[in-house]
Amino acid sequence: MKIQKGNKILVVDDEPAIGKTLKEFLDLQGYTSSMVSSGSDAMDILEKDKNFTLVLLDIKMPGISGVTVLKHLKSLCSDIAVIMMSGHGSEALAVECMKDGADDYISKPFSFEDLQQRIERTLSHREERIEKMRLQQEKDDFILMLSHDMKNPLTAVIGSIDIIREGCLGTVNEEQEEYLQSAIDSCNEVVLMIDNLLDIKKFEAGKMQMNIRPCNINELISKVSKQFARPARHEGIDLSVDLEPLKTEIEVDKNSFIRVLGNLLGNALKFTPQGGRISISCHCITGKGILGIKIPDYAQVPSDFFKRDHFVKVVVSDTGNGIPANELECIFDRYTQFNRKTGRDLGGAGMGLAYCKLAIERFQGMIWAECKTGQGSEFVILLPVIKSSEAEAFAPVEV
Ligand SMILES: Nc1ncnc2c1ncn2[C@@H]1O[C@H](COP(=O)(O)OP(=O)(O)O)[C@@H](O)[C@H]1O
Ligand SMILES: [Mg+2]
């Protein structure tokens with residue numbers, strides 16, 4: 001391995017003699033180094049000078065310890081590498097530090113040769129890590145740019161096909177209309193994937209803007225179900241909608257919630273064979289009724305969730321192949337398709353459910369999947385209700 005010259009190393013040790021010896025050694029090896037003798041001085045200098053690439057950090061120091069400095073650096077997502085220096089009896093702490101993000105540790109007393117090897121190894125790992133992150137960022141930026149630029153022409157394609165389908169340019173027969181509609185459906189699927197991807201990125205960057213206001217949940221469900229009536233009929237699938245005759249309001253961004261339901265129904269349609277059934281239902285739960293619902297451990301419960309009194313439970317179920325129990329949690333991670341091959345055959349990129357989770361969490365709700373292996377899948381959404389009253393003129397929804 002080569003000495004990575006030009007690297008700036010900070011030595012932090014409360015014993016000045018050790019700090020001085022280390023600094024002299026490092027400078028002799030061609031590094032640029034500085035030394036400080038306390039945790040607070042280390043934090044100050046690292047705050048002011050961002051050019052350090054490595055810290056040799058004593059674990060036990062009076063005042064602010066090396067452990068605290070390490071945690072501080074990691075909380076800032078700093079890409080600086082850290083080697084902890086442990087004295088006699090602090091090996092267990094050193095191992096803890098590795099869990100907290102330290103790159104390595106070395107037990108005192110150590111030889112210069114051992115130290116030199118660890119420094120070289122740590123610095124080259126750091127360089128690899130930074131390069132990997134840079135490539136990932138480049139890939140993400142490229143995908144985002146491509147996705148963004150693909151959406152406009154696709155929307156134009158949908159518009160043009162729709163004009164022909166509607167018969168504005170001449171009569172189209174039923175078969176032609178069917179083909180044109182299926183072209184539109186496929187384009188819309190790609191637009192949905194792009195929207196999911198772009199919004200997931202916005203969520204992750206903390207830049208997702210939402211227009212959250214009271215919405216009638218039955219109206220939203222009816223609207224989405226109607227959009228799926230034709231494709232379901234086309235696939236020979238029975239789609240049923242079961243809503244309580246209530247005027248129940250939830251606080252969501254209307255378009256985003258519609259997209260969540262669209263993703264769930266789209267999946268149900270994709271994974272259910274001909275002749276199968278899909279159902280979407282919505283029921284209110286009041287008071288202690290919520291305690292009877294088995295919420296999986298992985299579903300994050302929003303703060304003060306159980307202090308509320310009224311909830312809605314939306315369930316989308318299908319009679320497809322279902323999802324294995326051990327996959328139920330990870331299907332909500334982006335780019336995850338458990339039956340990657342089947343998923344690929346059926347299209348998609350594994351972003352729909354990731355979007356659903358982020359959106360529902362923003363609405364202070366929860367979403368999870370239940371296992372009915374062999375009998376289909378069931379997706380459950382729980383959301384707090386702001387108000388609910390008997391609907392004056394509620395008509396059951398026909399789809
Ligand atoms: N209704 C369902 N039935 C069976 N598997 C499902 C269902 N919904 C989702 N999945 C599984 O979860 C994966 C992730 O879904 P999603 O995030 O919507 O991505 P995509 O639809 O693009 O594959 C799917 O690829 C599939 O493996
Ligand atoms: Mg999907």
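The radius of gyration is taken here over C-alpha atoms, and the rule for a globule is 2.2 Å times the number of residues to the power 0.38. In this predicted model, the protein has a radius of gyration of 29 Å, whereas a compact globule of 399 residues would have one near 21 Å. Along the principal axes, the C-alpha trace spans about 90 × 55 × 40 Å.

**Overall architecture**

- The protein contains twelve strands and ten helices.
- Of the 399 residues in the protein, 29% are buried.
- When contacts between residues at least 6 apart in sequence are considered, 71% of them join residues at least 24 apart.

**Surroundings of Ser 37**

- Ser 37 lies in the loop that runs between strand S2 (32-36) and helix H2 (39-48).
- Leaving aside residues up to four places away in sequence, Ser 37 touches Asp 13, Asp 14, Pro 16 and Gly 19.
- Pro 62 is 25 residues from Ser 37 along the chain, and the C-alpha atoms of these two residues are separated by 9.8 Å.

**Confidence**

- The average pLDDT of the protein is 89, and 92% of the residues score at least 70.
- Over residues 392-397 the pLDDT stays under 50, and the model has five contacts beyond four places in sequence for this stretch.
- Where pLDDT is low, predicted coordinates should not be read in detail.

How values were computed
Residues numbered from 1 in each chain as written. Chains lettered and ligands numbered in written order. Predicted model: local features only at pLDDT ≥ 70, side-chain atom pairs only at ≥ 80, totals over all residues. Helix = DSSP H or I, 4+ residues; strand = E, 2+ residues; numbered from the N terminus. Buried ≥ 20, exposed ≤ 12 C-beta atoms within 10 Å, placed from the backbone. Contact = placed C-beta atoms within 7 Å. pLDDT = per-residue confidence, 0-100.
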